[in-house]
Amino acid sequence: MNYHLIDGKAFSIDAFGGIYAVTQNNFEHQMSLLKDFNIKVASLSDIVDNNVKEEFSVALTFDDGNPSDFDIVFPILLKYGFPATFFLSIQNVEKNGVIWEKYIQMVKKGFDIGSHGIYHKDLSIIEPSEIRTELEQSKLIIERNVNESIRFFSLPYGMYNSKVIKQAKILGFDAILSTQFNFVNPSEKSFVLGRWNIKRNTSIKDFILIIKNHRFTVKKYKYISKVKKYIMDFLGSSLINKVNTLKNRY
Ligand SMILES: [Zn+2]
């Protein structure tokens, strides 16, 4: 599950017009539902490394490096004992005046940090040298500041291509995360992992539907991804990527 800004006020607007800013009330409600329905919330590392014994588990990720990571999300997750990974866009962290000290405190409590690039660029449309800088420099800057090795990269706008995959592998990332709604099957050892973007308008009903009926949903999405693969083979991947961009901006 992927979140962005969590805001304390119902109508504040984030950098992307507010559609990704989930209210604090909704966020707390969603966390309480994970607990009430006894859903395993695992760290991204444990899921990728296939260390989770439950058939279905959820990893929480937070993109962009917003002030709410520390001010709102951190205390709520501590209360529930849920792990999470925070993907930092270096420019956003600096712009928002979020200080590294806060992320160091979160790392000390067991939370993980990932990279979301330096300038929040769409990696699928930039030169290979720039892709490398975004991946490599952001990883180095974060590792230097929080003293934790960075395993994962969250793709700005969910966008990537074969050059991005190649570079990310060379630079030692264990996976890159898109915003394409998909379930992760750890035994498949996929390098590109799908996520479910939770938005301001994600209803509690939808949220419950997916965590309660995950067996059905997993089946349904496996079927959809199969169909997508057929279409992809037929039309070529560029068209599908374009459709996904329109559907899953940010
Ligand atoms: Zn982002």
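**Figure 1. Ala 84 and the residues it touches in this predicted model.** Start with Ala 84: leaving aside residues up to four places away in sequence, its partners are Leu 60, Thr 61, Phe 62, Leu 77 and Phe 111. Ala 84 also belongs to the largest nonpolar core, which has 47 residues. Along with Phe 86, Leu 88, Ile 113, Phe 153, Ala 175 and Ile 176, Ala 84 is one of the members that touch the most others in that core. If you're wondering which helix gives the most to this core, look for H6, residues 128-146, which puts in four residues.

**Figure 2. Helix H7, with a buried side and an exposed face.** H7 runs over residues 162-170, and Val 164, Gln 167 and Ala 168 are its buried residues. These three sit on the same side of H7 because they cover an arc of only 100° around the axis. What covers the buried residues of H7? The cover includes H6, strand E9 (152-154) and E10. Just past the end of H7 comes Gly 172, with a positive phi of about 90°.

**Figure 3. Helix H1 and Asn 38 just after it.** H1 takes in residues 24-36, 13 residues in total. From first C-alpha to last, H1 reaches 18 Å, close to the 18 Å you'd expect at 1.5 Å a residue. Next, find Asn 38, in the loop between H1 and strand E4 (40-41). Its phi is near 60°, a positive value in a residue that isn't glycine. For context, most residues other than glycine have a negative phi. Is Asn 38 buried or exposed? With 8 other C-beta atoms within 10 Å, Asn 38 is exposed, because a residue with 12 or fewer counts that way.

**Figure 4. Lys 189, a non-glycine residue with a positive phi.** Where does Lys 189 lie? It's in the loop between strand E10 (175-177) and strand E11 (192-193). Phi of Lys 189 is positive, at about 50°, although this residue is not a glycine. Lys 189 is exposed too, with 10 other C-beta atoms within 10 Å.

**Figure 5. Asn 2, a buried residue in strand E1.** Strand E1 covers residues 2-3, so here we're looking at Asn 2 within that strand. How many C-beta neighbours does Asn 2 have inside 10 Å? There are 25, so Asn 2 counts as buried. Setting aside residues up to four places away in sequence, Asn 2 touches Thr 61, Asp 63, Thr 179, Arg 195, Trp 196, Asn 197 and Ile 198. Tyr 20 is 18 residues from Asn 2 in sequence, and their C-alpha atoms are 9.7 Å apart in space.

**Figure 6. The protein chain, with a look at residues 10-14.** The chain has ten helices and eleven strands. Of its 250 residues, 32% are buried. Take the contacts between residues at least 6 apart in sequence: 64% of them join residues at least 24 apart. How does the confidence look? Mean pLDDT for the chain is 87, and 86% of the residues reach 70 or more. Over residues 10-14, though, the pLDDT is below 50. In the model, that stretch has eight contacts beyond near neighbours in sequence.

Technical notes:
Residues are numbered from 1 along each chain as its sequence is written. This is a predicted model: local features need pLDDT of at least 70, side-chain atom pairs count only at pLDDT 80 or more; totals for chains, interfaces and linings use all residues. pLDDT is the predictor's confidence in each residue, from 0 to 100. Two residues are in contact if their C-beta atoms, placed from the backbone, lie within 7 Å. A nonpolar core is a set of buried Ala, Val, Leu, Ile, Met, Phe, Trp, Tyr and Cys residues joined through C-beta atoms within 7 Å. A residue is buried if 20 or more other C-beta atoms lie within 10 Å of its own, exposed if 12 or fewer, and partly exposed in between; C-beta atoms are placed from the backbone. Helices (H or I, at least four residues) and strands (E, at least two) are DSSP runs, numbered from the N terminus. The expected span of a helix is 1.5 Å times one less than its number of residues. The arc is that of the directions from the helix axis to the C-beta atoms.
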